[in-house]
Amino acid sequence: MLAAVGGVNVTLGILLLLIAAHTSRQYSGVGTRSFIACMVGLGVWTAAGGVNDIISVYELGAPNGDGMSSAVESTPSIVAFGLQGPRIADWVLQTVVPVLYALFILAYTTRTDRRERLLLFVLVPFGLLYTGGTMSSTLVSLVLDNLPAGLSEALLPLLQFAISISLYVTGSIVLLTLGQLWRTLHQYQHVSTRLTLALAVIVPPVWFAERFFIALAETPVARAAIPVPFVILSTGAAWLAVTRFGLFEEVPAALAVARQDIVAEMPDAAITVTDGHFILDWNAAATDLFEREFSTVVGEDLASILPDTFDINELLAGGQTTCRLPDSDRVLEASSSRITDSDDRTLGHTLIFRDITDSRQNARRAEVLSRVLRHNIRNRADVATAYLRQLIDDPDPDTADKIATTVEEELSALRDLGGTAREIESVLQANKRAGDRSVEEVIRHAIEEVQHAQIVDDRHECAGDVSSIPVVIDTPSVETCANGEILIPVIRELVSNAVEHGGSAPEPRVSVRVKESSDTEGVDQWWIDVADSGAGISDHEVEVFEDAEEEPLQHGKGLGLWLVWWGVDRLGGEVSFDTDSGTTVTVELPGSLLSHE
């Protein structure tokens, strides 16, 4: 009878190995490798138990397995140790298979990272000790007899302690794995109940039968037969899960991992906090936005990374608000959502912070362009229309030339306005950095594009015609990696404005000077001053740019200075104005854009 039960167990073990082989040929992806490992482990475990039952009968001459111990004792030590192979495998796999099963369930239902896998494999030493502790007295004696006196007596209690610990930890893993399956069924509606039940009976019933139900049996045949129906249930459940229930088609881990990856890779900062506002987690975007590593803020109050004026309670109540980061010009738009349990109790909140600085700047720029263009186009078109009507109503030859010239100037100004708008678009799209160029070369290039501007030495001697305005350059021998597509238009517009408003003959004066401040590590920052001796830019224009925005009734005269403002901002610098004596426009740029030749 014992041999027949052993044969059934060997057959079931082979069937489980065939299921593992079928899975490896037909499927790949999330959970397949751990499922195959689990099936192989369960198959070997079952087959080893069957082989052990057969050995008990036919190899050692004990029809009912009762003579096992005495037979082993009469067998040479090496042979006896070899005959214990199936039993050793049985003992080892009692611990290993639940670990493999837990790895499969974790990989199948959610993400398993390196730490989780290491935590599970910590059980391996306990499993080995458990194997030694549960060996028959004969096998233990074979090992302990070769140890020094006293050491074997100290080792036996340790082995028994390992049995208890391994049993407790392994049982906990099995129960927690069943809990994870139940949680998955409850959380993901697309996971079928029958598939969840099939996965739940693959390993746990067999393990509980081997560890607890066998203790109720009084004979070796009963002990061997008790796990059989549970193994049959496990085999059938595994086969149905793979071939009928779509085990590798539903894959709840896809949703769990997708949610984690979406949050981790999303461009917006995502922060998870408790209901008491303490930070639990955040993604890489939050690290970049708040410029703090997660390890330095976990467990801290959310208020520690936000400005004092930020109303956290309003945000957590479901509102949407904006704020400016402390000591920064970056503007954030924040929203929140509740994290609840099955009873709709609030466990925490997920906060999304979107950096809207660029979008606000782009919207403001679009508004400025729209207003300035509408304002200038309308005014110049009205002037041209009025003169043309005058020419139609009174075609006096004496005034016709003057009217034609005026109309041509207005249309030319409109054409220039369109060109400046296109150049602004190019400036805003250009990269901040380019190849190194001499700063003096960049400045000369910019001045050469200005009508009536001529570069002279410090004596202000102008070799051009009387309409030329002398421009003095004073710059050290340095190079800049600032993109010329941005910096040249900026300098050109400043020089053009200075030439146009920098005073009249006989002594108009414009200068372009470069200064820098350095420390032991290199250039800290540098400035480009464009100065003129005339009235220069008006107070009205200065107010517009100091506010950095256009009000409905407050317009700059044109787009040139807006090109300057936005171009310098694109380079990471600032613009300032001094109108005490003439006009000096200072462009302050980061030292990282400057280097010595």
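Biologist: Two strands count as paired if DSSP finds at least two bridges between them. With that in mind, what is the order of strands in the sheet that holds β14?

Modeller: Please note that this is a predicted model. The order is β6-β9-β14, an open sheet of 3 strands with antiparallel pairing. Its edge strands are β6 (433–438) and β14 (594–596), and each of these pairs on one side only. From one strand to the next, the twist averages 25°.

Biologist: How many bridges pair β6 with β9?

Modeller: There are 3 bridges between β6 and β9 (residues 478–482), in the antiparallel sense. Within this pairing, R437 has T480 in β9 as its bridge partner.

Biologist: Now the sheet with β1. What is the strand order there?

Modeller: That open sheet has 5 strands in the order β2-β1-β5-β4-β3, and the pairing is antiparallel. The edges are taken by β2 (279–282) and β3 (321–324); each has a single partner strand, so one side of each has no neighbour in the sheet. On average, neighbouring strands are turned by 30° against each other, direction ignored.

Biologist: Is β1 mostly covered or uncovered?

Modeller: Strand β1 is mostly covered, with 5 of its 6 residues buried. On one pairing, β1 (residues 269–274) meets β2 over 3 antiparallel bridges, and I271 stands opposite W282 in β2. On another, 6 bridges join β1 to the antiparallel strand β5 (residues 346–355), where A270 stands opposite I352.

Biologist: And what do β1 and β2 form together?

Modeller: They form a hairpin with 4 residues between the two strands. In the turn, H277 has a positive phi of about 75°.

Biologist: Changing topic: how many salt bridges does the structure hold?

Modeller: It holds 11 salt bridges. One of them joins R354 and D268, whose closest N and O atoms are 2.9 Å apart. This pair links distant parts of the chain, 86 residues apart: R354 is in β5, while D268 is in the loop between α15 (253–265) and β1.

Biologist: Is D268 buried or exposed?

Modeller: D268 is buried, because its relative accessible area of 14% is under the 20% limit.

Biologist: Which residue forms a salt bridge with R380?

Modeller: The partner of R380 is E410, with 3.1 Å between the closest N and O atoms. R380 belongs to helix α19 (residues 357–393) and E410 to helix α20 (residues 397–429), 30 residues apart. E410 is buried at 14% relative accessible area, whereas R380 is partly exposed at 30%.

Biologist: Finally, which residues make the nonpolar surface patch of about 270 Å²?

Modeller: That patch is made by I14, L15 and L18. L18 has its place in helix α1 (residues 2–26).

Note on methods. Residues numbered from 1 in each chain as written. Predicted model: local features only at pLDDT ≥ 70, side-chain atom pairs only at ≥ 80, totals over all residues. Heavy atoms only, no water. Patch = residues over 30% accessible without salt bridge, like charges linked within 9 Å, V, L, I, M, F, W, Y side chains within 5 Å. Areas by Shrake-Rupley, 256 points an atom, 1.4 Å probe, with all protein chains shown as cover. Salt bridge = Lys/Arg side-chain N within 4 Å of Asp/Glu carboxyl O. Axes fitted to C-alpha atoms, helices over the stretch in contact; angles between N-to-C directions. Buried < 20%, exposed > 50% of the residue type's maximum accessible area, 1.4 Å probe, protein only.
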